[in-house]
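Here is a short tour of a protein structure for someone new to reading them. Have a look at the picture, then follow along below.

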Amino acid sequence: MPELPEVEALALDLKGRLLDRAITRIDLAAFSALKTFDPPLHSLHGTLVEDVTRHGKFLDITASGTHLVMHLARAGWVRWRDEVPALPARPNSKNPLAARIVIDDPDSDTQPGLDVTEAGTKKSLAIYVVRDPQDVPGIARLGPDPLDDAFTIDVLSQILQSEGRKQIKGVLRHQGTIAGIGNAYSDELLHAARMSPYKPANALTDDELQGLYDAIRGVLGAAVERSRGLHASELKGEKKTNLAVHGRAGEKCPVCGDVVREVSFADSSLQYCATCQTGGKPLADRRMSRLLK
Ligand SMILES: [Zn+2]
């Protein structure tokens with residue numbers, strides 16, 4: 001799933017390609033992806049792109065005052081094409097194409113465009129056409145952005161106190177608490193902070209709070225820096241190469257050489273290093289032990 005650094009880099013890449021250009025038309029290939037009806041999708045036809053930004057993990061293409069907002073979900077992606085087919089994209093359940101945004105190029109006979117795709121059978125990619133990004137419920141609910149200047153260590157401290165004894169892993173990836181951090185980066189920044197994913201949110205010492213804050217800003221900031229200037233097609237590989245523990249169960253921890261372990265967590269699994277994060281003690285797989293009772 002694209003998280004804050006990838007969506008930030010996507011927004012930058014797309015801004016460079018789309019700014020001041022006109023949207024010729026948008027073909028919707030997966031009808032279920034469009035979550036709004038007013039303004040209609042075709043109201044964007046002929047509009048000029050003014051900005052491309054990010055809200056948490058939502059991508060926002062602003063054109064003539066209207067916002068085309070996309071949430072790429074788990075398996076969604078955006079692909080730039082120098083030339084898209086002249087015929088409109090048709091709905092096809094076997095095709096990963098969810099929507100195609102055709103861009104006007106006055107200097108060429110062919111038209112470039114953006115393909116919005118979603119792999120797999122579980123379709124959760126969402127597209128919204130709104131007058132104000134806050135009209136998207138998922139954006140209205142977002143917590144503060146961790147790379148914003150206003151996200152100080154005091155803000156983090158207050159958030160963690162208000163979450164009580166909830167496990168820190170779940171708190172970090174909850175979009176309404178802090179925006180933009182998902183399953184991958186919550187694993188990564190807990191590893192960087194040398195903190196157990198099960199640590200209760202309100203039980204951090206001052207040093208641990210500082211360590212977690214530095215990890216959030218450091219890990220996310222470095223990922224954004226690395227991704228800046230990369231094309232959409234390069235971002236996924238870039239993310240994977242630089243993850244220390246996420247998705248690397250069975251491999252060696254790059255810090256201490258211990259094996260990276262995995263336990264189930266909520267709807268997926270998390271990866272961590274016992275030596276770096278839990279005093280060498282492997283975490284109990286709570287879902288598994290519950291099943292065995
Ligand atoms: Zn380690």
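## The zinc site

Let's start with a word: donors are N, O and S atoms within 2.8 Å of the metal (3.2 Å for Na, K and Ca), and water is not among the atoms, so sites may look incomplete. In sequence, the donor residues of the zinc ion here follow the spacing C-x2-C-x16-C-x2-C. They are Cys253, Cys256, Cys273 and Cys276, each using its SG atom, at 2.2 to 2.3 Å from the zinc ion.

Cys256 sits in the loop between helix H7 (232-242) and strand S9 (260-265), while Cys276 is in helix H8 (residues 274-277), so this pair ties together parts that are 20 residues apart in sequence. Helices (H or I, at least four residues) and strands (E, at least two) are DSSP runs, numbered from the N terminus.

What arrangement do the 4 donor atoms make around the zinc ion? Their angles run from 97 to 114 degrees, which makes it tetrahedral. The ideal angle for four tetrahedral donors is 109.5 degrees.

## Where the model comes from

This is a predicted model: local features need pLDDT of at least 70, side-chain atom pairs count only at pLDDT 80 or more, and totals for chains, interfaces and linings use all residues. Residues are numbered from 1 along each chain as its sequence is written, and side-chain values use heavy atoms, with hydrogens and water left out.

## H5 against H6

Helix H5 (residues 183-192) packs on helix H6 (residues 206-227) at about 125 degrees, with the axes 8 Å apart. Axes are lines fitted to C-alpha atoms, for helices over the stretch in contact, and angles run from 0 to 180 degrees between N-to-C directions. That makes H5 oblique to H6; angles under 35 degrees count as roughly parallel, over 145 as roughly antiparallel, 65 to 115 as roughly perpendicular and the rest as oblique.

Who touches whom? From H5 come Tyr185, Glu188, Leu189, Leu190 and Ala192, and from H6 come Leu212, Ala215, Ile216, Val219, Leu220 and Ala223. Contact means heavy atoms within 4.5 Å. The contact residues of H5 with H6 split into 10 nonpolar, no polar and 1 charged. For the sorting, Ala, Val, Leu, Ile, Met, Phe, Trp, Tyr, Cys and Pro count as nonpolar, Asp, Glu, Lys and Arg as charged, and the others, Gly among them, as polar.

## H1 and its partners

Helix H1 (residues 4-18) packs against H7 at about 160 degrees, with their axes 10 Å apart. That makes H1 roughly antiparallel to H7. Glu6, Ala9, Leu10 and Asp13 of H1 meet Ala232, Leu235 and Lys239 of H7, giving 4 nonpolar, no polar and 3 charged residues.

H1 also meets H6: their axes come within 9 Å and cross at roughly 30 degrees. Here Leu4, Pro5, Glu8 and Ala9 in H1 touch Leu220, Ala223, Val224 and Ser227 in H6. That contact has 6 nonpolar, 1 polar and 1 charged residue.

Most residues other than glycine have a negative phi, and most peptide bonds are trans. Asp20, in the loop between H1 and S1, has a positive phi near 65 degrees. A cis peptide bond joins Asp38 and Pro39, with omega about 5 degrees. Pro39 lies in the loop between strand S1 (23-28) and strand S2 (49-55).

Key: Four donors count as tetrahedral if all angles lie between 85 and 135 degrees; four count as square planar and six as octahedral if opposite donors are over 155 degrees apart and all others between 65 and 115; anything else is irregular.
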